[in-house]
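Open the model in your viewer and keep the selection tool at hand. We will go from stop to stop, and each stop tells you what to select.

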Amino acid sequence: MAASCGEMSLQPPRHSAESSKGQLSVCVLGSGSRGNAVYVSDGITSILVDAGFSAREIDRRMRQRGLDPAGLSAILVTHEHTDHMRGIERLVRRHRLPVYLTAGTRREATALHHLPEIHAFDCGRDFRIDTLAVRPFTISHDAADPAGFTISANGSRIGIATDLGQVTALVREHLRGCRLLIVEANHDPDMLMNGPYPWFLKQRIRSRTGHLANQETGRLLADVLHPGLERVVLAHLSETNNTPEKALTEMAALFAGTPVNFEAASQAIPTPLLTLA
Ligand SMILES: [Zn+2]
Ligand SMILES: [Zn+2]
């Protein structure tokens, strides 16, 4: 398990190169313990945050949403667990992509050491991937040097934080002011405790370096809620210890009366391409 672990509108699927220049678009290609990958584009620069499915599967899912894998500019990695890295090597070979990861992730990800273009970044130090401004921050998870990100272009910012055992002040600080958030809502504590997982695994998931429960995600979102927050995609839902309905019901109760749109990312099916207007 340690190895894996304005107005928002739904635009019709488009080739990344045809996306309106400057508008941030996001598609969660899939999320959960069997694979994670998020497509982010401003219409000029298109990247993947994690590539935890096979390269073939990532190609298939991108094409399913009208996105061209050949239009990718880079892969940004959150941490070394297989569910975030499975397809990187082959995607890099196929599309000649640079890979961005922390020094700690690079050290652990020995399979990537021979890749031609690896860029190590430090959490807390901003960098750019062409037109996208990336701000990485440390998250609490059982990996060497795991990161969450905010990504900005043309005054719009999105935040991505999956795989975190606890919400720190740092995480809250970084996720404030985003228009779209992709955050983990991993489990329902009762389902986890009454479920089939062995005790050690339940303990690991509940630990400060494990995964967030729905209620913890709700508290995080309440803390960072602001008038500009338009959409939240709940991610990394456990297929054993959570259901999309449970996670969404929890949020609906907490955020009734706010204009925030919620959806739950699925392991099997990409979200629509979500474009910030
Ligand atoms: Zn992980
Ligand atoms: Zn994971």
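## Stop 1: Asn36

Select Asn36. Leaving out residues up to four places away in sequence, Asn36 touches Gly30, Ser31, Asp50, Gly52, Asp83, His84, Thr162 and His236. Bear in mind that you are looking at a predicted model.

Where does Asn36 lie? Look in the loop between strand E2 (25-30) and strand E3 (37-41). Is Asn36 buried or exposed? Count its C-beta neighbours inside 10 Å: there are 31, so Asn36 counts as buried. The cut-off for buried is 20 or more.

Asn36 and Arg93 are 57 residues apart in sequence. From C-alpha to C-alpha, they are 19 Å apart in space.

## Stop 2: the whole chain

Zoom out and switch to a cartoon view. The protein chain has nine helices and 15 strands. Its radius of gyration is 17 Å, close to the 19 Å that the globule rule gives for 277 residues, so the chain is as compact as a globular protein of that length. Along the principal axes, the C-alpha atoms fill a box of roughly 45 × 45 × 35 Å.

## Stop 3: the nonpolar core

Colour the chain by burial. Of the 277 residues in the protein chain, 49% are buried. In soluble globular proteins, nonpolar side chains tend to be buried together. Here the largest nonpolar core has 70 residues. Which residues have the most contacts inside it? Select Val38, Ile75, Val183 and Leu234.

Stay on Ile75. Setting aside neighbours within four places in sequence, Ile75 is in contact with Ile47, Leu48, Ala51, Ile88, Leu91, Leu97 and Val99.

## Stop 4: the seven-stranded sheet

Select strands E8 to E14. These seven strands form an open sheet, in the order E8-E9-E10-E11-E12-E13-E14, with mixed pairing. Find the edges: strand E8 (127-129) and strand E14 (261-264) each pair on one side only. On average, neighbouring strands of this sheet are turned by 20 degrees against each other, direction ignored.

## Stop 5: strand E10

Select residues 147-153, which make up strand E10. How many of its seven residues are buried? The count is seven of seven. Both faces are covered. On one side, Ala147, Phe149, Ile151 and Ala153 are buried. On the other, Gly148, Thr150 and Ser152 are buried.

Next, show the partners of E10. Strands of a sheet pair through backbone hydrogen bonds, either parallel or antiparallel.

- Strand E9 (residues 132-138) pairs with E10 in the antiparallel sense over six bridges. Phe137 stands opposite Gly148 in E10.
- Strand E11 (residues 156-161) runs antiparallel to E10, and five bridges join them. Thr150 stands opposite Gly159 in E11.

Now follow the hairpin of E10 and E11, which has two residues between the strands. Asn154 takes a positive phi there, near 50 degrees.

## Stop 6

Select strand E12 (residues 180-184) and strand E13 (residues 231-235). They pair in the parallel sense over five bridges. Which residue of E13 is the bridge partner of Glu184? Pick Ala235.

Last, bring in the helices. Helix H8 (residues 214-224) lies across E12 and E13 and runs at about 155 degrees to E12. Helix H9 (residues 244-254) packs on the sheet and touches E13 and E14. The direction of H9 makes about 160 degrees with that of E14.

Key: Residues numbered from 1 in each chain as written. Chains lettered and ligands numbered in written order. Predicted model: local features only at pLDDT ≥ 70, side-chain atom pairs only at ≥ 80, totals over all residues. Helix = DSSP H or I, 4+ residues; strand = E, 2+ residues; numbered from the N terminus. Rg over C-alpha atoms; globule rule 2.2 N^0.38 Å. Buried ≥ 20, exposed ≤ 12 C-beta atoms within 10 Å, placed from the backbone. Core = buried A, V, L, I, M, F, W, Y, C linked by C-beta atoms within 7 Å. Contact = placed C-beta atoms within 7 Å. Pairing = 2+ DSSP bridges. Axes fitted to C-alpha atoms, helices over the stretch in contact; angles between N-to-C directions.
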